[in-house]
Amino acid sequence: QHHGVVCYMILWQKFVKFLYAFCFSASYINITNLSVSGHRMRHYKPVIWMILTATISEVRLTGGVGPWEGTVEVYTDGSWGTLCDYDFDLKDARVVCRMLGFGREIQFFPLAKFGQGVGKSLFSYLSCSGNEQNIGSCGYRKSTCSHSQDVGISCVRTNRLETTEGIRLIGGTGPYEGTVELNVNGQWGTICDTNFDKHDADVVCRMAGYTRAIQAFSNAHFGHGNGSSMLYNVHCSGNEDHLDSCGSNGWFSSTCTHDNDAGVACLDSGRKSISQGVQFVGGTGPHEGTVEINVNGEWGTICGSYFDMNDAEVICRMAGYSRALQAYSNAHFGPGNGSVILSTLKCSGNENIVDSCGSDGWYKTGTCAHSTDAGVVCLRIRLVGGAGPFEGRVELNINGQWGTICDNSFDLPDAEVICKMAGYSSALQSFTTGHFGVGAGPIYLDSLQCSGHERHLDSCASSGLFKISSSCQHSDDVGVACLSGNRTDVVQGVRLVGGFKQWEGRVELKVNGQWDTICGYSSGFDIDDAKVICRMAGLSTSGKVQVFPNAYFGRGTGPVLLSGLTCAGHEDNIDSCGSDGWYKTGSYCGHQYDVGVSCPDDNPFG
């Protein structure tokens, strides 16, 4: 039944639809969704069509592997019939899937892909918006098609909104890499590699439960997958959570063979950095050898093509060394293990990890073989003879031999650079005249003149490697005390020891985990200094503050840390006060001059 005449004028040219509606009677215009296939029109002239509606009481899919796919058959006016594929699209398929109770459409198929249906071909040029509950509400034309043009569809077989039910990576060395296979309605299939890139791989890895992709692969890098090639020309931005949100030529539209299966390598275990470790093999010690990088628990090498000192600097830094001495290619230390996983590394030398350097991409190594493996020799530094690894005589290892530095012109800025090379945040003090004992082996450097901002000693002025003064002996070996950890404050604690009350006693400071004292020789410690100590100890300074020199509360142990302290009294930490410098206490400052304080006695103690 028709409750009014609705007239549509269709202007068609080169398969682009422009719809204009014009009513030929005095009644109002009522335009609804209309879809037209231009290949059925033989003349470029206006055509007037009647848009019909029908009562569709039932719909079914036949000829597929399950009720979710097959040739579309509809029941109307007491008989079953089919739909012609003319101008049928995904919006029409969506309405059919909705009528069947499935979550969403996957794809439509022309030319009786699932076999010819029963009855007559009833409708063509279906024009659904996709929001209808029944295709009878969509516009259509009476069909003149044969069953060879029966349309079929595939729906998501559950109430899921995502097309895929699962994803897996096969053929790799672990579950985090391999040929991509997707499960759609219980069947596994692959992705064609046409235009498949890192952005697409990021989405695949996210779907598989990994943080992100390391690399995308084409040409069945990990071997052929199973089933059919399901997706073609995928183009994701990389931010999507599912391939359904990416552009493509549509599900099951691929004509690719398994020779073009796409693969991915994902970053395992929620890590943010790709490289998870570095080691050197084949050298004379752990400081040199062929470079091997650990990615996803497996070791691989770096192609030596274009590998230079800037790249070696970053590799040595990753391995915990201060700098590189030499970069090698062509498997100088012998071939490494696993795959060649990086080539054409382009580091500036300032990076902390190779992930931050340019390259051809992980696993994109071209024809590189282990015969081109890169190698390095790193500079080692150690501090010997101190109370802990943070202090001692400075020794450098060059070409496998430990040697020292002569103390001519050696000062705190030089010590700053050495402490940073050794992995500490800053220097507390520089030492001369073999303070931590005499070393052995060569004396490598003399007359250092660092500003304190350099990353390694090579950037400082000096006499040059092995170019030392004839007067330099191991009795002139330099030493340093570094601030351990990543702290900015030198003093990590203060306590008062040996007093009669909790607010009085010998002053002891905790530096680098050790408790040491302050020298008060010759009135070198006064009330203003004591106020800062009381404040650091969490005690009051509002009442009477007293100073007790000459080990009044007993002698301490360990080093005497400070002398010549000159606080103004308002500082929160003695780091901010002047002094002779940490550990610069002179030979006269023994524990017999350890200072003590008494803070005001109005401090509450529980």
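Biologist: Why is R94 called partly exposed?

Modeller: R94 has a relative accessible area of 30%. Buried means under 20% relative accessible area, exposed means over 50%, and partly exposed lies in between, with a 1.4 Å probe and protein chains only. The value of 30% for R94 falls in between, so R94 is partly exposed.

Biologist: What is the basis of these values?

Modeller: This is a predicted model, in which local features need pLDDT of at least 70 and side-chain atom pairs count only at pLDDT 80 or more, while totals for chains, interfaces and linings use all residues. Residues are numbered from 1 along each chain as its sequence is written, and side-chain values use heavy atoms, with hydrogens and water left out.

Biologist: What makes R94 and E105 a salt bridge?

Modeller: A salt bridge is a side-chain nitrogen of Lys or Arg within 4 Å of a carboxyl oxygen of Asp or Glu. The closest N and O atoms of R94 and E105 are 3.2 Å apart, so the pair meets that limit. Helices (H or I, at least four residues) and strands (E, at least two) are DSSP runs, numbered from the N terminus.

Biologist: Is E105 buried or exposed, and how do you know?

Modeller: The relative accessible area of E105 is 5%, so E105 is buried.

Biologist: How do you know that K198 and D202 form a salt bridge?

Modeller: Their side chains meet at 3.6 Å, N to O, which is within the limit, so the pair is a salt bridge. K198 and D202 are four residues apart in helix α2 (residues 198-207), a separation of about one helical turn. K198 is partly exposed at 29% relative accessibility, whereas D202 is buried at 13%.

Biologist: How many salt bridges does a search of the whole structure find, and which residues are linked in a network?

Modeller: The search finds 14 salt bridges. E313, R317, R323 and D458 are linked in a network of them.

Biologist: What makes the phi of Y306 worth a remark?

Modeller: Most residues other than glycine have a negative phi. Phi of Y306 is near 65°, a positive value in a residue other than glycine. Y306 lies in the loop between β19 (298-302) and α3 (309-318). Its relative accessible area is 66%, so Y306 is exposed.

Biologist: What is the phi of N330, and where does N330 lie?

Modeller: N330 has a positive phi of about 55° although it is not a glycine. N330 is in the loop between β20 (323-328) and β21 (340-342). With a relative accessible area of 55%, N330 is exposed.

Biologist: How do you know that C236 and C246 are joined by a disulfide?

Modeller: A disulfide is a pair of cysteine sulfur atoms within 2.5 Å. The S to S distance of C236 and C246 is 2.1 Å, so the pair is a disulfide. C236 and C246 both lie in the loop between β15 (229-231) and β16 (263-266), ten residues apart. The link of C236 and C246 is right-handed, with 105° about the S-S bond. C236 is buried, and so is C246.

Biologist: What makes C316 and C378 a disulfide, and which parts does the pair link?

Modeller: The sulfur atoms of C316 and C378 are 2.0 Å apart, so they meet the cut-off. The pair links distant parts of the chain, with C316 in helix α3 and C378 in strand β22 (residues 375-385), 62 residues apart. The link of C316 and C378 is left-handed, with -85° about the S-S bond. C316 is buried at a relative accessible area of 0%, and C378 is buried at 1%.

Biologist: Why is the disulfide of C406 and C472 called left-handed?

Modeller: The torsion about the S-S bond of C406 and C472 is about -85°, so the disulfide is left-handed. The S to S distance of C406 and C472 is 2.0 Å. C406 lies in the loop between β24 (401-405) and α4 (412-421), and C472 in the loop between β26 (443-445) and β27 (479-483), so the pair ties together parts that are 66 residues apart in sequence. Both C406 and C472 are buried.

Biologist: How many disulfides does a search of the whole structure find?

Modeller: The search finds 15 disulfides.
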